[in-house]
Amino acid sequence: MAHLQETERKDRLVARVRRIAGQVTAIERAITGEAPCSETLHLAAAVRGAVAGLMDELVEDHLRAHVAAPGLSDAERASGADELATVLKRHMR
């Protein structure tokens with residue numbers, strides 16, 4: 001059961017990444033097609049929001065798997081927290 005949930009979660013994440021890729025392609029088309037600036041800005045804002053949502057999901061997954069999961073050693077939890085802190089510092093710039 002857990003493996004099926006993991007596979008479904010990965011499939012949803014991959015589908016989300018593919019939608020983002022489609023949104024980025026739409027930005028490229030808008031730029032090359034000389035779309036109005038406002039349209040291109042809206043497309044870019046949508047991508048930013050979509051990536052932020054993806055980041056939220058990935059952070060949650062990391063927390064659950066590498067910090068809060070039952071059975072992890074203190075060293076594993078510390079390592080998972082350190083990894084997440086490093087990524088968040090980069091992300092918050």
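Me: How are α2 and α3 oriented to each other, roughly parallel or roughly antiparallel?
Reply: In this predicted model, the axes of α2 (residues 37-66) and α3 (residues 74-91) come within 9 Å and cross at roughly 165°. Angles over 145 degrees count as roughly antiparallel. The two helices, α2 and α3, are therefore roughly antiparallel.

Me: What is the handedness of the crossing of α2 and α3, and which residues of α2 make the contact?
Reply: The crossing of α2 and α3 is left-handed. On the α3 side, the contact is made by E76, R77, G80, E83, L84, V87, L88 and H91. On the α2 side, the residues are M55, V59, H62, L63 and H66.

Me: How many residues of the contact of α2 with α3 are nonpolar?
Reply: The contact of α2 with α3 includes 4 polar and 3 charged residues. The nonpolar count is 6.

Me: Which helices each supply at least two residues of the lining of the largest pocket?
Reply: The lining consists of Q5, E6, R9, K10, L13, L58, E60, D61, R64 and A65. Helix α1 spans 2-32, and α2 spans residues 37-66. The helices that each supply at least two lining residues are α1 and α2.

Me: How many residues of the lining of the largest pocket are charged?
Reply: The largest pocket holds about 200 Å³ of space. Its lining has 3 nonpolar residues and 1 polar residue. The charged residues number 6.

Definitions and conventions
Residues are numbered from 1 along each chain as its sequence is written. This is a predicted model: local features need pLDDT of at least 70, side-chain atom pairs count only at pLDDT 80 or more; totals for chains, interfaces and linings use all residues. Side-chain values use heavy atoms; hydrogens and water are left out. Axes are lines fitted to C-alpha atoms, for helices over the stretch in contact, and angles run from 0 to 180 degrees between N-to-C directions. Helices (H or I, at least four residues) and strands (E, at least two) are DSSP runs, numbered from the N terminus. Angles under 35 degrees count as roughly parallel, over 145 as roughly antiparallel, 65 to 115 as roughly perpendicular and the rest as oblique. A crossing is left-handed if the near helix is turned anticlockwise from the far one by less than a right angle, and right-handed if clockwise. Contact means heavy atoms within 4.5 Å. Ala, Val, Leu, Ile, Met, Phe, Trp, Tyr, Cys and Pro count as nonpolar, Asp, Glu, Lys and Arg as charged, and the others, Gly among them, as polar. On a 1 Å grid over the protein atoms alone, a cavity is a set of points where a 1.4 Å probe fits but cannot get out, and a pocket is an open set with protein on both sides within 12 Å along at least five of seven lines; lining residues have an atom within 4 Å of a point. Grid points are joined across faces, edges and corners, and a volume is the space filled by probe spheres set on the points.
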